[in-house]
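Open your viewer and get ready to select residues one stop at a time. Each stop names what to pick and what is there.

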Amino acid sequence: MAEERSLLEEFLEESREHLARMELDFLLLEKGEHTPDVINRIFRAVHTVKGSSGFFGLVRVGGLSHAMESVLDSLREGRLQADGALLDLLLEGLDRLQALFADLEHSNEFDTWDLEERLRDAAGKKSQISPILAFEPQESEVTAETVAVTPPGHHLYRLNFDITRMERERSLSPVQLIELLQSFGQIHDGRLETCGNQRLCEGLPGGLLYRILFSSVLERDLVAHGVQLPENAVEEIGPEGTLGSDLGPGDSPPPLTLASHAIPTPPAPPPELKESSPARAVPPVSAPSADAESHPASKEGPATARTEQDFLKVRLDILDRLMSLAGELVLVRNQQLMREQSSDTEGRRIVQQLDLVTSELQETILRTRMQPIGNVFARFSRVVRDLSRKLGKVIEVKSSGDEVELDKNILEALIDPLTHIVRNSCDHGLENPEERLASGKPAIGTITLRAWHEGGHIHVEVQDDGRGIDRERVRAKALEKGLKTPEELERLGENDILNLIFLPGFSTAAEVSDLSGRGVGMDVVKSSIEALGGVVEIRSTPGQGTCQHMRLPLTLAIIPSMIVQSLGQAFALPQINLEELVTLYDEEILEHIESAGSREIYRLRGMLLPLIHLSEVLETAESFDEEARQRSVERHRRERLARWEEIRSRRSSGHVESWSLSFAVLKIGNARYGLVIDRILGTEEIVVKPMHRAVKELPLYSGATVLGDGQIALILDVQGISRQFGVSLETRTEVAVDTAACGSRLLLFRNGPQEQLAMPLETIARIEELRPADIERVGNQEFVALQGVSTRILRLEDRMEVSQPAASDRHYAILPRGATSPWCLLAQELIDIGEYGFELDTPSFEHAALLGTTRLRGHLTLLLDPQALAPENP
Amino acid sequence: MNEHVPVEPNGTSLQVATFRLEGRLFGVDIRKVKEITEETRLVPVHHAAAGIGGMLNIRGQIHLVVDLRVEFRFPPRKPDPQSRVILFKPSVDEPFGVLVDAVEDIVEIDSSTLVDRRQGDANGDLSSDQRRARRNLCLGVCPLPRELLLLLNPHNLLEP
């Protein structure tokens with residue numbers, strides 16, 4: 001039956017909430033907070049689950065929660081201590097309950113007997129409950145809380161129904177009954193009671209008593225009439241929890257015993273009740289004057305009451321639809337905004353209002369999809385607890401910013417990477433208590449989870465105060481796994497070394513434990529964060545701990561973008577990828593863009609930025625290879641020169657004409673490149689629409705959108721474009737300035753016409769002049785006799801992507817110091833030898849012999865390492 | 001995708017929205033058509049397959065448009081004032097349409113007169129390339145009093 005199904009779903013949802021809450025409370029217990037509050041809360045949760053499970057015939061859920069309840073009862077009465085072993089058992093019970101809920105339909109087939117037995121053993125009483133009847137009949141109890149949450153002006157009743165008879169004589173099903181009751185009041189608790197050990201499914205000749213705790217504004221006789229019960233089957237419970245009538249239903253089953261493990265707050269006489277919750281002033285419920293504000297208990301009353309009153313479950317697809325409608329409205333608003341640039345002040349005012357309302361509407365709808373990150377943080381208490389017990393460590397989890405809200409989709413996608421990071425911290429980051437004490441730290445390790453808003457992003461941090469990341473081990477590992485060569489490692493800065501752990505196939509754990517390092521590496525963390533449009537960074541201080549920092553967008557549905565033009569068409573560049581915009585004018589274009597082999601480079605504050613022309617990538621269907629890139633660079637260089645000539649000649653004839661070139665500096669992780677565009681049109685908040693399935697595979701686009709003027713703009717995929725052009729983006733910004741020869745004496749020379757080259761003087765033995773006729777060939781190798789020694793000749797253009805030297809009648813041979821076999825490097829032109837202070841930049845392309853690039857005497861200069869050029873290192 | 005073939009049992013009539021491409025008459029089942037628009041300024045999708053003419057914004061919804069001239073290997077031509085885009089219903093595919101030279105009347109045909117596409121290649125003046133393209137897209141050929149009508153299957157238009 002459909003209603004029954006939806007009731008079941010509601011029960012499921014509610015029970016999940018209870019279980020989640022219980023988990024947190026168990027962890028509180030373990031921390032030593034066994035206040036009656038906490039225990040009572042757990043008790044209530046288990047109890048509610050147990051109660052409702054009976055209603056749906058969920059025998060195993062009932063049995064298990066009953067066994068747990070017994071343990072909790074002993075705990076509360078002080079007969080048991082909440083030690084680790086007991087909590088392990090309770091948590092195991094909780095996990096099993098969650099497993100049962102995951103497959104509710106077959107839950108009755110699960111075997112939970114062993115666990116139930118252990119729980120009962122722990123509770124200190126082997127129970128004689130029949131295996132079929134999972135829970136014993138017991139009194140419906142009224143707790144202080146129940147009374148407290150009864151809305152002011154309501155009467156509280158206990159209703160006793162005989163379900164069997166009700167069904168038989170009035171053909172009223174329990175579901176219909178509940179609906180009926182809900183139509184004029186509120187159900188607080190329900191309990192199904194049977195007499196004797198009967199199977200529920202066999203039908204119950206003796207009747208099945210269903211007791212309901214119910215509140216309504218109606219008087220007792222009206223309630224009785226409303227549900228067609230004899231008046232004596234409706235018991236009114238007074239303001240202090242007293243029974244106004246202790247009459248059972250006329251044909252009630254055999255006397256019900258008050259089970260020993262029932263909640264020990266049975267319908268209590270007034271003085272006792274007040275004692276049991278001294279902190280709470282419980283106002284008389286039936287008094288209509290009671291002020292809702294003065295209900296301290298209602299805030300943390302049973303979750304059921306709160307869920308019903310403050311929350312509404314909405315189907316996700318409706319939210320999605322609402323979201324896209326809001327998106328459409330934004331588009332209409334944008335179109336209107338563009339039209340209304342006229343002088344009509346009244347019209348403008350209205351449009352401004354529309355603008356405000358639309359923005360607010362959009363924000364509000366966005367917020368419906370938002371969930372506090374605390375929901376995710378909370379689960380880590382449990383993860384860490386289990387891990388630390390396994391690892392023999394003592395770890396505490398702290399969190400801040402639990403209330404920070406994130407889009408549901410992002411939040412869900414964040415769980416796995418966060419779990420991975422937290423596991424890593426527990427497993428590798430934090431030390432044993434002994435180790436920690438030895439290094440002067442508190443024995444308890446701490447993992448801090450933080451979330452905050454900043455600059456339109458959500459920032460999430462996982463920090464531990466463990467041993468930090470051993471950079472030497474990372475280095476060794478990268479070498480061992482063949483991820484980097486020694487030379488490459490040599491050039492990496494401290495931070496870059498840390499970033500190596502994000503490489504696929506990297507794992508520093510000496511041995512793979514079953515906790516972390518099961519094949520999912522930090523590279524997965526990185527890629528899943530990046531898939532969300534986020535960035536992950538790692539910082540670590542040896543001995544003090546590690547901090548992983550993630551920056552995430554608020555939502556994926558609406559993104560601020562820059563609209564650019566290329567080939568007369570509008571494109572959107574997500575702001576998240578956009579670092580800055582650069583426009584060069586006139587001579588700057590010629591002077592500041594350098595062509596180095598197959599790369600076009602712009603020097604941006606010490607960083608060498610490879611340039612990609614959007615129009616060219618759009619117009620070229622196939623991806624670029626080395627040759628295509630070279631052709632492209634050459635073509636652009638020629639075009640620039642020709643253009644400049646043209647402009648100069650026109651200017652000389654009196655025309656005022658300016659020349660500019662714009663590019664967007666785009667980032668992918670730590671890498672950057674410049675995307676040359678025709679024009680910048682502005683910025684807009686765009687609603688991302690997925691690409692049609694027939695063009696979804698295209699790497700250049702991540703979606704499409706309709707701009708404010710109704711134009712379609714394709715959303716560019718920043719990574720896809722760089723892949724299409726094939727430019728290497730290993731732009732390590734702070735590469736090893738320390739290891740390079742900073743401020744040393746350099747030889748500046750040229751080989752091909754384009755690049756200026758340099759070598760540290762201390763690496764050079766001497767320089768000799770030679771003529772082409774001096775060069776002899778042996779096979780495909782070239783030699784020259786220098787001071788009587790046959791010396792092998794190396795040409796740079798054979799080893800690197802550099803320009804070809806023009807034919808010349810004179811060469812220079814640069815002989816390196818300490819060469820194992822005699823060899824020399826050919827140079828076409830010597831420029832200077834001198835003391836140069838400089839900073840090395842990351843080369844836009846990698847070569848073992850390239851120490852880096854820098855700017856000397858106004859030119860881009862490649863600094864070479866002769867050692868790596870030697871013939872034995874081809 | 002032939003399970004979608006909308007051909008009715010013999011003897012039923014079928015309403016066909018007809019249009020011209022390079023002078024020839026084509027048609028699609030009217031029940032598949034959502035609307036016909038004069039808006040033909042397509043936004044190109046670079047790197048997409050040749051037949052993809054571009055994208056079109058119809059009241060905030062982005063449609064992919066197939067250029068049928070390209071699809072049928074007719075010489076390319078820029079849209080003119082006669083050109084139209086026929087948009088299909090969501091049941092056919094994600095939002096998409098076809099760019100045609102001009103639309104004509106709605107024609108009612110008797111589905112029994114529909115000749116199976118493999119036999120009905122009466123137009124000998126098509127190149128083999130054109131014939132191949134047609135085979136995948138055409139449901140059949142229907143002889144009208146004055147000319148032949150090629151009935152297209154919109155379901156297959158976006159198949160690779």
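This is a predicted model: local features need pLDDT of at least 70, side-chain atom pairs count only at pLDDT 80 or more; totals for chains, interfaces and linings use all residues.

Residues are numbered from 1 along each chain as its sequence is written, chains are lettered from A and ligands numbered from 1 in the order written, and side-chain values use heavy atoms, with hydrogens and water left out.

Rings of Phe, Tyr and Trp (its six-membered ring) pair if their centres lie within 6.5 Å; planes under 30 degrees apart count as stacked, over 60 as edge-to-face and the rest as tilted. The rings of A:Phe624 and A:Phe725 have centres 4.7 Å apart and planes at 55°, so this pair is tilted. Where do the two residues lie? A:Phe624 is in the loop between helix 23 (614–619) and helix 24 (626–652) of chain A, and A:Phe725 is in helix 25 (residues 718–725), so the pair ties together parts 101 residues apart in sequence. Helices (H or I, at least four residues) and strands (E, at least two) are DSSP runs, numbered from the N terminus.

Move to chain B. Select B:Phe88 and B:Phe96. They form a tilted pair, 5.1 Å centre to centre with 35° between the planes. Both B:Phe88 and B:Phe96 are buried. Next, pick B:Phe19, B:Phe26, B:Phe72 and B:Phe74, which form one aromatic cluster.

Last stop: where the chains meet. Contact (heavy atoms within 4.5 Å) takes in 21 residues from chain B and 24 residues from chain A. In chain B, select B:His46, B:His47 and B:Ile62. These lose the most area to chain A, together 37% of what that side buries. Buried area is the accessible area (1.4 Å probe) two parts lose on being put together, summed over both. Between chain B and chain A it is about 1,800 Å², and carbon and sulfur atoms give 63% of that.

Finish on B:Asp93 and A:Arg693. Their side chains meet in a salt bridge, at 2.4 Å from N to O. The term means a side-chain nitrogen of Lys or Arg within 4 Å of a carboxyl oxygen of Asp or Glu. The count between chain B and chain A is one salt bridge.

How values were computed:
Buried means under 20% relative accessible area, exposed over 50%, partly exposed in between (1.4 Å probe, protein chains only).
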